[in-house]
Amino acid sequence: MARSRATLKVLTVLIVLGAVGWGTWMRLRPPPEEDETEEETTEPGTAADAVAASVRQQFNTELPVPVTGAVAVQDTLRISVTAEGRAEAIRQAKLKARKSGIVSRVRVKEYQFVRAGELLVQIDTTEYAFALAAQAAALRRAQAEYQVRVLGDEEIADPRVRAARDSLARAFTGLDQAEVDYRGAVRDLEETAVRAPFSGRIADVKLVAGQYVGEGEEAVTVIDMNPMKVSVQVLGTEVVYLDEGHAAQVEFTAFPGRPFAGKIETINPLVDPETNTARVTVHVNNADGRIFPGMYAETDLEAQKFPDRLLVPRTAILEATDGRPYLFVVDEGRASWHYVHPGMENDRQVELLKIGPSTDWVNPGETVLVDGHHYLTHDAAVRVVEDLAAAGGRPTR
């Protein structure tokens, strides 16, 4: 009996080991070889085909690349000087009350446009009107007394005697002083009104109706904003190239990307020895009143002009691996590689020089590429567009 049990245990162990070994072999065995003659089961139009087609399309050199272009022009190259400054009113007047009293009316508000001579603030006239009436009565009384004293003098034949009697009559009757006092009263009444000395816009209204104002107190400010002036400091080494009447482009931080046309009005010939700069004043048209005094501005002042030059945008010029400058000209829908010789330039344009019998010369009117062209090769197919990003191109700016 004991031997049978031992035999049973040995058989059980062998069976378990066999099962484990079979399972391990089934897991580790190599997969059956596919029949090489079996046809592919992938049908056309699957995702793999779409990816492959996309890759082929991406690297297809015949697919037109979106780019932007500009026309080469034969024009005047303008070299400018840049400087910074702030807008200032061409004229500004802080008006003060010339008479004391209660403010009866304030007829303006800030930024309102007013004409020269227009009434801005009115001080109560009651006291000054009474004073004028009194002086008018005194003048009439003096005139009457004067007429009595010179009555019959027209019969005096000697003109020198008549003049002497007239002078004495005016002095005795106080007519001279009465006339002076009357004119003073008229002036006092007129000065109760604060009027605009010139046309402009209102700023800094200091008074309100019903307020008492003393003589000499500030009432309101009038500023003449058209044209607006911008004073800038230009280096002494550059101011010599400027001249009155030269064009200027002024861009204010309040209006980014919207330059205003102006001109150089005055040039101060004194160069500050500490800063080595001279003051240059630019006038800018401001008929609509958009430019306010104090606005920060950057100016481009026309310094030198070189007429009849072939010009292209600076962004058209690229540099080859050997350091030579080149650009692309659009030729029947393809980018034609042209080596060029850049000359003088400003912040936007560069001059192309014709040196020797170069076959790469660019003609006025031809379109040169200015963006999306950095990765092109010669004779690549291109498509000139207005909006490079919207067309799927590769902007470089």
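**Salt bridges and their surroundings**

Reply: Arg-160 has a relative accessibility of 67% and therefore counts as exposed, the cut-off for that class being over 50%. The model is a predicted one. The side chain of Arg-160 forms a salt bridge with that of Asp-158, with an N to O distance of 3.7 Å. Asp-158 is partly exposed, at 30% relative accessibility.

The count of salt bridges comes to 14. Another of them joins the side chains of Arg-78 and Glu-302, at 2.8 Å from N to O. This pair links distant parts of the chain: Arg-78 lies in strand S2 (residues 73-96) and Glu-302 in strand S13 (residues 296-313), 224 residues apart. Arg-78 is partly exposed at 38% relative accessibility. Glu-302, at 10%, is classed as buried, because buried means under 20%.

Strand S13 also contributes Arg-309. The side chain of Arg-309 meets that of Glu-351 in a salt bridge of 2.9 Å, N to O. Here too the pair links distant parts of the chain, since Glu-351 sits in strand S18 (residues 349-352), 42 residues from Arg-309. Arg-309 has a relative accessible area of 24%, so this residue is partly exposed. Glu-351 has a relative accessibility of 5% and is therefore buried.

Key. Residues are numbered from 1 along each chain as its sequence is written. This is a predicted model: local features need pLDDT of at least 70, side-chain atom pairs count only at pLDDT 80 or more; totals for chains, interfaces and linings use all residues. Side-chain values use heavy atoms; hydrogens and water are left out. A salt bridge is a side-chain nitrogen of Lys or Arg within 4 Å of a carboxyl oxygen of Asp or Glu. Helices (H or I, at least four residues) and strands (E, at least two) are DSSP runs, numbered from the N terminus. Buried means under 20% relative accessible area, exposed over 50%, partly exposed in between (1.4 Å probe, protein chains only).
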